[in-house]
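User: I would like to learn how to read surface and fold features from a model. Can we work through one case together?
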Amino acid sequence: MPGLGTSFGRGGATDFPQDLQNSECIVIMGSNMAEAHPVAFQWVVEAKERGAKFFHIDPRFTRTSAMADRHVPIRAGSDIAFLGGIVNYILENGREFREYVVNYTNASVIINPNFQDTEDLDGYFSGFEADDRAYVIDSWAYAKTSDETAAGSHEQRSDVSGEQAHGAHGMTLEHGEPPLVDHTLEHPRCVFQLLKKHFKRYTPEVVEQVCGVPKEHFLEVAEALCANSGPERTGAFVYSVGWTQHTVGVQYIRTAAIIQLLLGNMGRPGGGIVALRGHANIQGSTDIPTLFNILPGYIPMPHPRASDLDDFVQENGPETGAWGDLKNYMVSFLRAWWGQAATEENDWAFHYLPRIDGDHSNYTTMERMLDGKCPGYFVIGENPAVGNANSGMNRLAMSQADWVVVRDFQEIESASWWYDSPEIKSGKVKTEDIKTEVFLFPAAAHTEKDGSFTNTQRLLQWHYKALEPKEDCRSELHFFFHLGRKIRDKLAGSNEERDRPILDLTWDYPTVGAHSEPDAEVVLMEIGGVDWENQAHIEKYQQLRDDGTTACGSWIHAGIYKHGVNQAARKRPHTEQNWIASDWGWAWPGDRRILYNRASADPDGNPWSERKRYVWWDADEKTWKSLGDEPDFEPTKPPDYVPPRGAKGLEALSGKAPFILHPDGLGWLFAPAGLVDGPLPTHYEPWESTFDNPLYTQRTNPTVQLYERPENPYNERDKYPFVLSTYRLTEHHTAGGMSRTLPYLTELQPELFVEISPELAKERNLEHLGWATISTARTAIEAKVMVTDRMKPLAVMGHQVHQVGLPYHWGWKGLTRGDVVNDLLGLALDPNVHIQEAKALTCDIRPGRRGPQP
């Protein structure tokens with residue numbers, strides 16, 4: 001996530017779940033961890049049994065809440081106000097870990113004098129261009145640095161940001177140090193003072209007003225975090241899609257990052273931010289990736305203006321920090337993809353890469369399909385007919401495509417919409433009018449193929465095929481390898497320059513078995529890297545070179561096949577290891593389990609405390625020692641190392657710099673680059689909210705990504721008075737394609753339901769186990785009513801607020817069927833990552849069944 005990447009340098013969880021047992025305080029917010037991530041939740045229970053304080057802050061009371069010391073109900077969509085209140089509490093009461101903050105964060109850095117805050121501009125930062133709904137971010141830069149600090153130059157746009165905008169691109173710092181700093185933290189334009197000014201109005205009283213959280217409950221959380229942080233103690237944050245699926249979701253994460261940097265909890269045992277991923281390989285899908293705007297390892301996709309590789313590196317890679325070696329990563333990557341066809345003479349085949357020319361995210365692609373501008377669509381590992389926001393619009397879009405290819409275990413809704421969707425049943429669309437040709441390919445299950453999963457903690461674990469796939473079922477690797485082979489066969493003999501990137505691809509993977517399955521371990525070897533000059537496997541990303549003698553498919557995975565051994569396949573039992581379990585799987589980058597772990601020692605290299613010892617400097621042996629984890633920096637760089645003049649890359653960072661992906665080696669309280677909606681988090685109301693913003697005249701995120709078209713109407717405030725949030729159940733999986741066909745899971749959760757409070761039930765005459773119709777401007781659905789005290793009305797800005805909860809797993813196929821909850825959602829997206837606001841919108845609810853749809 002960019003919230004983590006911009007704050008610390010990488011977009012993955014900073015810690016691993018079993019380290020939560022070492023926390024003295026855990027805040028779970030934006031996640032129902034006990035139900036959605038039960039295996040990882042055991043370590044929260046372990047921490048609590050050791051005496052840790054544990055808070056669950058969530059609109060609903062869930063199984064996670066039942067285990068917490070306190071459940072704090074909160075209005076969905078108001079988390080920045082709550083977290084901002086904690087920032088203000090820390091700063092107003094001097095509770096920051098001052099030595100950590102001064103040495104390891106950019107608190108002392110002085111910002112461009114032209115910068116203006118939302119406090120100055122009534123909800124806007126300096127540089128806003130109203131016509132484009134976008135910021136020009138020159139004024140956000142460090143004082144006396146280049147104005148062009150962000151991905152895509154100074155005009156930062158959502159089409160070239162998101163996961164690729166990790167905040168380092170293009171920032172030029174001499175010797176890896178900001179030009180102007182004030183270590184007393186008193187300068188009015190230093191980050192620390194800007195932070196105090198920005199969050200000053202986020203008082204406990206404002207938190208209560210905006211969030212509906214009683215002042216005393218807020219103060220209990222804030223004080224517990226402060227009391228359990230510092231040299232001797234650490235606290236952790238845990239979140240999931242309850243934070244990401246908002247129009248300001250990235251900034252939710254940013255606010256937690258600011259808290260953790262101020263309290264000195266980053267890079268230390270029991271600290272950090274654990275970003276829970278929704279299922280086994282969601283982290284891997286961004287690492288390698290399946291995203292439109294990045295290459296493997298979070299390298300930006302080239303923009304059309306990048307004329308050559310050096311141009312690209314200059315624009316996207318700072319000279320200092322780990323990204324300062326971007327050319328090494330790029331040349332090695334290009335050599336992995338195009339082998340001997342990538343030469344110094346042809347600029348390592350850089351011109352073979354596609355150029356990003358705009359927003360090609362999922363929902364924009366659907367919009368283009370709806371307008372007849374996208375003729376074909378692959379649906380693999382998804383079910384957009386029920387799983388995407390405004391699913392009805394997605395179904396209509398697929399009806400305008402020439403072809404749709406679906407790969408799944410059975411016929412899911414995204415393969416059958418053309419004859420049995422709600423639009424067909426209502427007569428809105430007729431099958432005979434649909435031109436789309438739908439292809440359904442049977443897919444192999446994970447038990448029927450070799451490969452790796454990348455889980456929440458960036459840990460790759462290898463799984464071996466247990467049995468051969470049945471009949472025509474095949475793996476994704478098989479499908480894409482043979483599709484690519486057939487395309488290459490069709491292009492064989494072509495003299496067209498446009499065909500060279502496909503024909504020159506390294507596509508000679510050996511195959512195994514009766515179905516000619518590509519050897520997955522050979523693919524892993526290519527990803528992990530080869531040193532052609534020394535005829536050896538790459539052991540770490542620092543070995544990658546820009547002279548063409550190394551090849552590596554993903555620089556963050558460099559070393560996953562070191563010594564010729566599949567490191568992801570290591571499965572040494574936990575009984576034979578310490579709690580870090582370094583010999584189980586392999587975590588990117590370089591097998592680090594806690595990122596930024598230089599911060600677990602003080603500036604001199606000594607542990608902050610013996611209780612929290614993790615890595616430390618051994619002056620006698622002149623090396624860093626650890627409990628078993630790999631140091632997340634150069635293991636022989638002494639704490640007193642001072643970079644020589646003109647140093648580049650990691651050599652330009654001092655011996656006390658923990659955040660090595662940033663050009664200054666610091667954690668960013670203030671983000672001078674990398675985000676399109678502001679350098680500091682700001683409370684904005686959800687796009688669909690019944691309230692004005694009590695902090696500023698500007699009501700919503702001014703850079704929100706909208707789709708203003710007839711198929712995507714937005715709610716009028718006075719017609720939809722209740723807050724709606726969607727969520728997951730333990731018994732069903734995502735859009736239901738893997739669970740609604742299984743009788744034992746169907747028996748456990750047989751029917752779609754809606755959770756409401758007794759007060760709302762009384763107000764709207766809704767009966768427990770009766771029917772209710774839930775509506776938005778998009779459509780109306782029906783569900784059985786669950787009246788429960790788990791949903792409580794909140795007092796917000798002088799009004800009583802009712803919240804409505806809906807699990808989203810149902811569709812019209814399978815053993816249990818129900819209306820599509822995501823049909824209710826509109827498309828209003830976080831501009832950084834193009835994620836829909838599914839956790840905080842508005843709705844109406846009335847008794848009875850919905851009746852026929854128009």
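User: Is tryptophan 403 buried, partly exposed or exposed?

Analyst: Buried means under 20% relative accessible area, exposed over 50%, partly exposed in between (1.4 Å probe, protein chains only). Tryptophan 403 has 31% relative accessibility, so it counts as partly exposed. It lies in strand β11, residues 403-408. Strands (E, at least two residues) and helices (H or I, at least four) are DSSP runs, numbered from the N terminus.

This is a predicted model: local features need pLDDT of at least 70, side-chain atom pairs count only at pLDDT 80 or more, and totals for chains, interfaces and linings use all residues. Residues are numbered from 1 along each chain as its sequence is written, and side-chain values use heavy atoms, with hydrogens and water left out.

User: Where does proline 847 lie, and which residues is it in contact with, beyond four places in sequence?

Analyst: Contact means heavy atoms within 4.5 Å. Proline 847 lies in strand β32, residues 841-847. Leaving aside neighbours within four places, it contacts Arg764, Asn765, Leu766, Trp771 and Ala772. Proline 847 is partly exposed, at 44% relative accessible area.

User: How many helices and strands does the chain have, and how compact is it?

Analyst: The radius of gyration is taken over C-alpha atoms; the globule rule is 2.2 Å times the number of residues to the power 0.38. The chain has 25 helices and 32 strands. Its radius of gyration is 26 Å, close to the 29 Å that the rule gives for 854 residues, so it is as compact as a globular protein of that length. Of the 854 residues, 63% count as buried.
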